[in-house]
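Subject: Structure handover

Hello,

Here is the structure I promised. Please open it alongside this note. My findings follow below.

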Amino acid sequence: MAIYLRRKNRVENREGQEARFMLYNIRRICPFLTDETAQLFARLEARRCLKDIEPQMFPEDGGPNHGEVVELYGTEGTGKTELLYHLLCRCVLPVASGGLEVDVVFVDTNYSLDMLRLVSILDSRLNAACSTGLSCSGSDEAALRSCLSRLLVVHCSSSSQLVLTLHFLETSLSSRPGLALLIDSISAFYWLDRCEGGASIAKQEEKLSKCAELLGRLLRDYRITVFATCHTIRRSYTGPSSDDRPYLCRPWQRLVTHRLLCSRQEAANNMASTAGGSEEQRRRRVFTIHCTSSSRTKAYRSSSFYVSDGGVKFI
């Protein structure tokens with residue numbers, strides 16, 4: 001407990017010093033700014049970066065930086081939502097437990113967020129950190145409540161509600177600029193929007209384009225990091241499969257800086273990849289991620305994982 005508190009105090013002191021230093025520099029460079037505006041800029045500069053949120057998913061030194069978008073793309077049952085839970089837990093867990101202590105807004109467009117599953121993963125991570133001596137608070141329930149206090153869940157049932165939610169975020173970020181935004185999924189209303197748009201492609205893509213425009217403004221003005229899942233669709237049943245090609249509107253595609261193509265390994269490859277692993281690894285289904293990052297330079301990385309009771313485990 002004492003070790004955890006000392007580490008927590010060091011992190012808070014360091015972040016406080018960085019914020020005060022940034023505020024001093026901003027006021028010195030731009031003396032005409034109001035105190036409120038200067039404090040906002042200071043918070044934006046001093047907030048935690050998510051570049052190291054999961055090194056095994058992204059190319060070396062190529063994780064998501066401020067103002068970047070990560071798209072988790074794949075067919076149903078390829079582990080996208082479990083990966084999103086993994087990233088969410090990494091955000092809200094305390095630093096002493098291997099997390100980043102970042103506030104998260106989770107936009108659930110599928111009404112599929114499993115809070116019991118999320119709590120189970122968080123509890124498993126907290127217990128693992130406690131057993132290894134990294135962090136051990138006096139109350140498991142208090143530590144869990146602290147993690148969940150950093151999470152805001154918003155449900156949307158249409159593209160119009162998603163647009164309104166992003167408008168709401170724009171007002172919230174002025175007071176809490178350190179948020180990470182997770183969307184599951186950005187493609188939930190694709191077919192509904194196509195039906196409502198009729199024969200006009202512009203009408204079909206109008207609402208998602210508006211969402212992309214608002215997200216682009218949030219990325220530019222507040223430098224948040226966005227993670228979003230996107231379901232694969234099959235657009236042609238006669239020619240070769242084009243499931244791995246982006247199909248959402250161009251404004252959204254232009255925002256994406258990291259694309260994670262998720263897939264299931266075949267049975268033979270599954271056995272080969274886990275041959276040297278534990279019994280648990282050998283009997284679980286293995287998933288593969290192919291990451292393409294284009295934020296700074298073009299970079300690639302492939303990794304594999306399986307899903308356990310305690311969440312995602314990389315192989």
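Start at Val104. Leaving out residues up to four places away in sequence, Val104 touches Leu88, Cys91, Val92, Arg150, Leu151, Leu152, Leu179, Ala180 and Leu182. Contact here means heavy atoms within 4.5 Å. Val104 lies in strand 2 (residues 104-108). Val104 counts as buried because its relative accessibility is 1%. The cut-offs are under 20% relative accessible area for buried, over 50% for exposed, and partly exposed in between, with a 1.4 Å probe and protein chains only. The C-alpha atoms of Val104 and Cys91 are separated by 7.2 Å, and the two residues are 13 apart along the chain.

A word on the source. This is a predicted model: local features need pLDDT of at least 70, side-chain atom pairs count only at pLDDT 80 or more, and totals for chains, interfaces and linings use all residues. Residues are numbered from 1 along each chain as its sequence is written, and side-chain values use heavy atoms, with hydrogens and water left out.

Now the whole chain. The protein chain has eleven helices and nine strands. These are DSSP runs numbered from the N terminus: helices are H or I with at least four residues, strands are E with at least two. Of the 315 residues, 48% count as buried. Among contacts between residues at least 6 apart in sequence, 71% join residues at least 24 apart. The accessible surface comes to about 15900 Å², and 52% of that belongs to carbon and sulfur atoms. Areas come from the Shrake-Rupley method with a 1.4 Å probe; for residues, only the protein chains shown count as cover.

Nine strands form an open sheet with mixed pairing, in the order 3-2-4-5-1-6-7-8-9. Strand 3 (151-155) and strand 9 (311-314) are the edge strands, each pairing on one side only. Neighbouring strands are turned by 25° against each other on average, direction ignored. Helix 4 (residues 115-131) packs on this sheet and touches strand 3, strand 8 (299-308) and strand 9. The direction of helix 4 makes about 50° with that of strand 9. Axes are lines fitted to C-alpha atoms, for helices over the stretch in contact, and angles run from 0 to 180 degrees between N-to-C directions.

Strand 1 (residues 69-74) and strand 6 (residues 256-264) run parallel, joined by five bridges. Two strands pair if DSSP finds at least two bridges between them. Tyr73 stands opposite Leu261 in strand 6.

Two polar contacts deserve a look. Arg259 is in strand 6 and counts as buried, at 19% relative accessibility. Its side chain joins that of Glu71 through a polar contact of 2.9 Å. Thr288 sits in strand 7 (residues 286-293). Thr288 is buried too, with a relative accessible area of 10%. Its side chain makes a polar contact of 3.1 Å with the side chain of Gln265. A polar contact is a pair of N or O atoms within 3.5 Å; within protein, one must be able to donate a hydrogen and the other to accept it, and residues adjacent in sequence count only if both atoms are side-chain atoms. Leaving aside neighbours within four places in sequence, Thr288 contacts Leu261, Cys262, Ser263, Gln265, Ser303 and Ser304.

Last, helix 3 (residues 80-92). Twelve of its 13 residues are buried, among them Leu84, His86 and Cys91.

Best regards
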